[in-house]
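Visitor: Please take one part of this model and go through it closely. I would like the helix packing first, then the pockets.

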Amino acid sequence: MTDDLHDRVHAAAAFLRARIGVRVPNVGLILGSGLGSYAERLDHAIAIDYAEIPHFPASKVHGHAGKLWFGSKGGAHCVAMQGRVHLYEGHSAATVAFPARVLIALGAKVVIVTNAAGGLVPEWPPGTLMLIRDHIDMLRDHALRGPNDDRLGPRFPDMTRAYAPRLRELVREVAMAAEIPLEEGVYVAMPGPTYETPAEVRMLQQLGAHATGMSTVPEVVVTNHMGARAIGLSCITNKAAGITGEPLSHEEVTETAARVRTTFERLLDQVLTALVARGELS
Ligand code: HPA
C-alpha cells in the first residue's frame, strides 16, 4: 500500500494492463445511474470487478454495479465504468475521482461522463438529454484538495474549457444528424444524498444551472487536471424538487433512465464513431 496518489493510480493501471492485453483504451466512459448497460454492448468486451482492482473504490448503492469494462465501439477502444462511487457514500472527492485518473493513465484521451440529473428548467420533460456546457461545484470537498503532485497535473488547473468546446460541437452535430433532441446547459453538483429542497432548487435556478445531480464534477476536475478532455451528458430523469410538487424517488430516476436508454446508447454510439472519424482520440 502507498499513500502516494501517483503511485496508486499507476499501480491500478499496471494491474489492468496486465489483464487487458491488446485492449488498450483511448476513450473512457463513466456511466451513470440506469445507463450502465452500455458497457455490456461493447464489442469483444471483458469485465473486471472493481473489487479486484488495486485502490479502486467499490460502489454499494443499488443500481450502481461495480465493473470496469474494456471493449470497442465504432472503432473506439473503450474503458467503461459501470457504476461509480459518490461523496454521499462517505468517500472524499479525491477517492470518487480516482477511477477517472486510472482511465486516463491507461490511455483515455477523452472521458465521457454521464449522469442522471434533476431538471431545473420547468419546461424540460423527464427523459430530456442535456449536453453539459459548464458546471457549478456545490460539493463540500474538492478532488484536488491536498498536496498537488505535479506528475499528475498542475496546482491550479484552468477550467475555462472544462467541457471541451470542440467536442461539444461534435456531440451537437452527431445528435442533430441522428435526430436525437439534445439540450445544453450547466450542471450543478450537490452533495446529496437527499434530493434538493424546493428552496434549494429555486436557488440553483437563480445561479444559472439547468440540471442538478450528485456526481460528475470530481471526475471532470481530474480529467482536466491530467490534461485529458471531457464530454458531459446528463439524462434528466425528473423535474427537480418543487417544480411539480410531487415527491421525488430513486425509482423515478432509474425508470426514466431505463426508458431513454436506447436513445442514449444511440447517441453514445454516434459520438464514439465521430471521435474516431475526426481523429480526436489519437
Ligand atoms: N437531484 C439530484 N440528483 C438527482 C436528481 C435530482 O433531482 N435526479 C437524479 N439525480
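Visitor: Which residues in H3 meet which residues in H7?

Guide: This is a predicted model, in which local features need pLDDT of at least 70 and side-chain atom pairs count only at pLDDT 80 or more, while totals for chains, interfaces and linings use all residues. Residues are numbered from 1 along each chain as its sequence is written, and side-chain values use heavy atoms, with hydrogens and water left out.

Leu-167, Leu-170, Val-171, Val-174 and Ala-175 in H3 meet Leu-267, Gln-270, Val-271, Ala-274 and Leu-275 in H7; contact means heavy atoms within 4.5 Å. By class, this contact has nine nonpolar residues, one polar and no charged. Here Ala, Val, Leu, Ile, Met, Phe, Trp, Tyr, Cys and Pro count as nonpolar, Asp, Glu, Lys and Arg as charged, and the others, Gly among them, as polar.

H3 covers residues 165-177 and H7 residues 261-277. Helices (H or I, at least four residues) and strands (E, at least two) are DSSP runs, numbered from the N terminus. The axes of H3 and H7 come within 9 Å and cross at roughly 125 degrees. Axes are lines fitted to C-alpha atoms, for helices over the stretch in contact, and angles run from 0 to 180 degrees between N-to-C directions. H3 passes H7 in a right-handed crossing, the near helix being turned clockwise from the far one by less than a right angle.

The H2 contact with H5 divides into seven nonpolar, two polar and two charged residues.

The largest pocket holds about 420 Å³ of space. A pocket is an open set of points on a 1 Å grid over the protein atoms alone where a 1.4 Å probe fits, with protein on both sides within 12 Å along at least five of seven lines; lining residues have an atom within 4 Å of a point. Grid points are joined across faces, edges and corners, and the volume is the space filled by probe spheres set on the points. Of its 23 lining residues, the closest to the centre are Asp-3, Asp-4, Leu-5, Arg-8 and Ala-94. H2 gives the most to this lining, with four residues.
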